[in-house]
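Here's a walk through some local geometry, the sheet and its helices, and a handful of charged pairs. Have the coordinates open while you read.

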Amino acid sequence: MRKKLFTKFNAELLNTLPVEHFDGRIVDITGCIDAAHAVRWLLRQDILGFDTETRPQFRKGGHPYKVSILQVSTRDTCFIFRLSVEGVAEAVCPLLEDKERLKVGISWGDDIRALHTRLDYQPGTFVDIQNLVGKVGIEDLSLQKIYANLFRKKISKSQRLTNWDRPDLSHEQLVYAATDAWACVRMYEELNRLLTTGDYELLNSEK
């Protein structure tokens, strides 16, 4: 059966979908030696999903915080790099500057700017999901709506405004962060499959 896609996904329908979450291995990286080992392992993988999280600023006019974590996921393993820990940000530079691996993210330009608050680096090659969805006719650009359109599941945003600078991130925060990075891998592979096979039907409304 051909997959049905919609140009725009209705927000009310999105809220009725079952919640999606990453259930693979999550590795919380809090030291530069572990970070270097993780980067070497990741650079041997065939596809990587990227995302970042930053502590929210609630005070009007307050100075924005630097990016807190970088999460990088394969299909079954996600590393959470604590960029505020001495040496960790520098350890991830080879990963960010790599031009050979398939690396995917969403609204990645924003993440590049955020990472520059921590690092002076030259961004490598990345694929932005937002540049792919239009090729199948999807107009939405948010991770939540793209994922719902492709898989009929909702990615919760309940942890987005939590404190990402905490030294002891909660289980819920770790799963949230990992899910966003892992979702980029899933979305890329499904979009690539649909573009290759043409196995989809585009509708103007999800109702």
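Arg 152 comes out as partly exposed, because its relative accessibility is 29% (the cut-offs: buried is under 20% relative accessible area, exposed is over 50%, partly exposed is in between, with a 1.4 Å probe and protein chains only). Arg 152 sits in the loop between helix 7 (143-151) and strand 9 (154-155). Helices (H or I, at least four residues) and strands (E, at least two) are DSSP runs, numbered from the N terminus. Arg 152 isn't a glycine, yet its phi is positive, at about 60°.

A quick word on provenance: this is a predicted model, where local features need pLDDT of at least 70, side-chain atom pairs count only at pLDDT 80 or more, and totals for chains, interfaces and linings use all residues. Residues are numbered from 1 along each chain as its sequence is written, and side-chain values use heavy atoms, with hydrogens and water left out.

Ser 107 is another non-glycine with a positive phi, here about 50°. You'll find Ser 107 in the loop between strand 7 and helix 5, and its relative accessible area of 22% makes it partly exposed.

What does Gln 130 touch beyond its neighbours within four places in sequence? Its contacts (heavy atoms within 4.5 Å) are Ile 106, Ser 107 and Leu 141. Gln 130 belongs to helix 6 (residues 130-133) and is partly exposed, with 24% relative accessible area. A polar atom of the Gln 130 side chain lies 3.0 Å from the backbone oxygen of Leu 141. As for Ser 142, it is 12 residues from Gln 130 in sequence, with the two C-alpha atoms 8.1 Å apart.

**Helix 5 and what covers it**

Helix 5 (residues 108-115) has Trp 108, Asp 111, Ile 112, Ala 114 and Leu 115 buried. These residues lie on the same side of helix 5, because they cover an arc of only 165° around the axis (the arc is that of the directions from the helix axis to the C-beta atoms). An α-helix has 3.6 residues a turn, so residues three or four places apart point the same way. The cover over the buried residues of helix 5 includes strand 4 (47-54), strand 5 (67-73), helix 4 (93-97) and strand 8 (127-128).

Six strands make an open sheet in the order 3-6-5-4-7-8, with mixed pairing. Two strands count as paired if DSSP finds at least two bridges between them. Strand 3 and strand 8 are the edges, each pairing on one side only. Strand 5 and strand 6 run antiparallel to each other, paired over five bridges. Ile 69 has Arg 82 in strand 6 as its bridge partner.

Which helices pack on this sheet? Helix 2 (residues 32-42) does, touching strand 3, strand 4, strand 5 and strand 6, with its direction at about 145° to that of strand 6. Helix 8 does as well, touching strand 3, strand 4, strand 5, strand 6, strand 7 (102-105) and strand 8, and its direction makes about 140° with that of strand 4. For these angles, axes are lines fitted to C-alpha atoms, for helices over the stretch in contact, and angles run from 0 to 180 degrees between N-to-C directions.

**Charged pairs**

Side chains of opposite charge can pair when their charged atoms come close. The model holds 15 salt bridges, each being a side-chain nitrogen of Lys or Arg within 4 Å of a carboxyl oxygen of Asp or Glu. Here are some of them.

| Salt bridge | Closest N and O atoms |
|---|---|
| Lys 3 and Glu 190 | 2.7 Å |
| Asp 28 and Arg 82 | 2.8 Å |
| Arg 101 and Glu 100 | 3.2 Å |

Lys 3 and Glu 190 form a salt bridge. It links distant parts of the chain, with Lys 3 in strand 1 (residues 3-6) and Glu 190 in helix 8 (residues 171-197), 187 residues apart. Glu 190 counts as buried because its relative accessibility is 11%.

Asp 28 pairs with Arg 82. Arg 82 is buried at 6% relative accessible area, whereas Asp 28 is partly exposed at 30%.

In the pair of Arg 101 and Glu 100, Arg 101 is partly exposed at 24% and Glu 100 is exposed at 68%.

Technical notes. A polar contact is a pair of N or O atoms within 3.5 Å; within protein, one must be able to donate a hydrogen and the other to accept it, and residues adjacent in sequence count only if both atoms are side-chain atoms.
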